[in-house]
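These are my notebook entries on one structure. I record what I looked up, entry by entry.

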Amino acid sequence: MNLRLALRAPALWPAARRSVALGAAVGSGLLLGLPTDLVPNPFFGREIPPEWWSYPVLVASALLAGLLVATYVRTGAERSGQGERVSRLGSAGALLSFLAVGCPVCNKLVLLALGTSGALSLWAPLQPVLAVASLALLAVATVRRLAGEVACPATPAR
């Protein structure tokens, strides 16, 4: 039910809000893709080539984050009071996406905690699980925000 409501919400958005969603998706993709070297650039590199699933996770994370960010753009109507909890889910999902698609031996915290062999033998196998968890958190946060816009539309204050 929430998913059905959530799918209707972007169709009701004004062009400015859709532009914010697109810009936020591109920005999220770059913030996630540049330091993990999924988007080739001269500033960052990887010791270990990315897994095949890293690119779909990058795209899905960027799209969900773009939609989620756009839900925080005011349209003249007041929002419901669930924003803080949902923003925590979205923030956790974004962080997990970064950890999931990053090079396992390039993450300094992982190297300090586990060493190189631990990063490859323990951390790398956990990254697909982190990817699924990150997408789930981003999806739940986005669906909640979008469904709330359709289920409980607020009328503008006069």
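I searched the whole structure for disulfides, a disulfide being a pair of cysteine sulfur atoms within 2.5 Å, and the search returned 0. In general, a disulfide is a covalent bond between the sulfur atoms of two cysteines. Cys103 is buried, at 6% relative accessible area, whereas Cys106 is partly exposed, at 27%.

I note that this is a predicted model, in which local features need pLDDT of at least 70 and side-chain atom pairs count only at pLDDT 80 or more, while totals for chains, interfaces and linings use all residues. Residues are numbered from 1 along each chain as its sequence is written, and side-chain values use heavy atoms, with hydrogens and water left out.

I looked up the secondary structure, with helices (H or I, at least four residues) and strands (E, at least two) taken as DSSP runs numbered from the N terminus. The chain has 5 helices and 0 strands, in the pattern α-α-α-α-α along the sequence. Of its 158 residues, 37% count as buried.

I turned to the loop between helix H2 (15-33) and helix H3 (54-70), where Asp37 lies. Asp37 is not a glycine, yet its phi is positive, at about 60°.

Which ring lies under the charged end of Arg145? I found that of Tyr72, with its centre 3.7 Å away; a charge sits over a ring if NZ of Lys or CZ of Arg is within 6 Å of the ring centre and within 35 degrees of the ring normal.

Note on methods
Buried means under 20% relative accessible area, exposed over 50%, partly exposed in between (1.4 Å probe, protein chains only).
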